[in-house]
Structure formats: C-alpha cells, structure tokens
Amino acid sequence: MSVKLIAIYSTPQDVQAFEQHYRDVHTPIALKIPKLISLEVNRVKKVLGGVSDVYMIAELLFANQAAFAEAAQSDEFKAAGADLANFAAGRVSMLLVEA
C-alpha cells in the first residue's frame, strides 16, 4: 500500500514571498528526495463549508512504508525538513497517510 506525506500550510503573511521560496527553493529540494514517486501541490481557492485558514496542501507519494522510511533517512529529506522549518515554522502540519 502506498503512503503519502501531506503538508498542510496555513495562509502565510506574505503570500508572494512564500510562493517564491516554495517554488524556487523548497520544491527543488523536495524533488531530490529518493524514493519519491510524485509531488502534487494544491492551492485552496475557496472554502465551501466551515472555517479554514488552509492555503496550500502538498502531497508527496511513496510506493510503501518501507520506501518512505528509507527516504526519511536521506540527506535530501533532512534538507527539506530544515528548509521547511526555515520558511513555514508554525504554519504547517504534516500527516502520513495510507493511499
């Protein structure tokens, strides 16, 4: 069974700076993570029910739990985590789900 690492970002104070960093710095780092099958980025356009401050959802797909575990030990994964703490600290929730 495949697994996804899902990052849920709340609306940043400076959307333009967030988008530039995500596009130019974070995404290239994340795409180098070994065993990563795909990275899908979804931007919330409208909340249809309830109240939400979710701005963006990123989904990183791995073939299975073993592939994710191997990826999580890599320097590239650790670099992505360090960068995440740099530009999205306090504004991101991370979930690991079966897909």
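This dialogue goes through several features of a predicted model.

User: What should I know about the numbering and the model before reading features?

Analyst: Residues are numbered from 1 along each chain as its sequence is written, and side-chain values use heavy atoms, with hydrogens and water left out. The model is predicted: local features need pLDDT of at least 70, side-chain atom pairs count only at pLDDT 80 or more, and totals for chains, interfaces and linings use all residues.

User: How are two packed helices described?

Analyst: Two packed helices are described by the angle between their axes and the distance between the axes. Helices (H or I, at least four residues) and strands (E, at least two) are DSSP runs, numbered from the N terminus. Axes are lines fitted to C-alpha atoms, for helices over the stretch in contact, and angles run from 0 to 180 degrees between N-to-C directions. Here helix H1 (residues 15-30) and H3 pack at an angle of about 165°, and their axes are 9 Å apart. That makes H1 roughly antiparallel to H3 (under 35 degrees counts as roughly parallel, over 145 as roughly antiparallel, 65 to 115 as roughly perpendicular and the rest as oblique).

User: Which residues of H1 and H3 make the contact?

Analyst: Contact means heavy atoms within 4.5 Å. On H1 the contact is made by Phe 18, His 21, Tyr 22, Val 25, His 26 and Ile 29. On H3 it is made by Glu 76, Ala 79, Ala 80, Asp 83, Leu 84, Asn 86 and Phe 87.

User: Which residues of helix H2 are buried?

Analyst: Buried means under 20% relative accessible area, exposed over 50%, partly exposed in between (1.4 Å probe, protein chains only). In H2 (residues 65-72), the buried residues are Ala 67, Phe 68, Ala 71 and Ala 72. They cover an arc of only 135° around the axis, which puts them on the same side of H2; the arc is that of the directions from the helix axis to the C-beta atoms. These buried residues pack against strand E1 (3-10), strand E3 (54-62), helix H3 (75-88) and strand E4 (92-98).

User: What does Ala 67 touch?

Analyst: Leaving out residues up to four places away in sequence, Ala 67 touches Lys 35 and Phe 62. Ala 67 counts as buried, at 9% relative accessibility. Between Ala 67 and Val 3 there are 64 residues in sequence and 8.8 Å in space, C-alpha to C-alpha. As for Lys 35, it sits in the loop between H1 and strand E2 (36-43) and is partly exposed, with a relative accessible area of 44%. Lys 35 has a positive phi of about 75°, although it is not a glycine.

User: What caps the N-terminal end of H2?

Analyst: A polar contact is a pair of N or O atoms within 3.5 Å; within protein, one must be able to donate a hydrogen and the other to accept it, and residues adjacent in sequence count only if both atoms are side-chain atoms. The cap of H2 is Asn 64, with a side-chain oxygen 3.2 Å from the backbone nitrogen of Ala 66.

User: With which side chains does the side chain of Glu 59 make polar contacts?

Analyst: Glu 59 is in strand E3 and counts as buried at 18% relative accessibility. Its side chain makes a polar contact with the side chain of Lys 4 (2.7 Å) and another with that of Asn 42 (3.3 Å).

User: Is Thr 27 buried or exposed?

Analyst: Thr 27, in helix H1, counts as buried at 18% relative accessibility. A polar atom of the Thr 27 side chain lies 2.8 Å from the backbone oxygen of Tyr 22.
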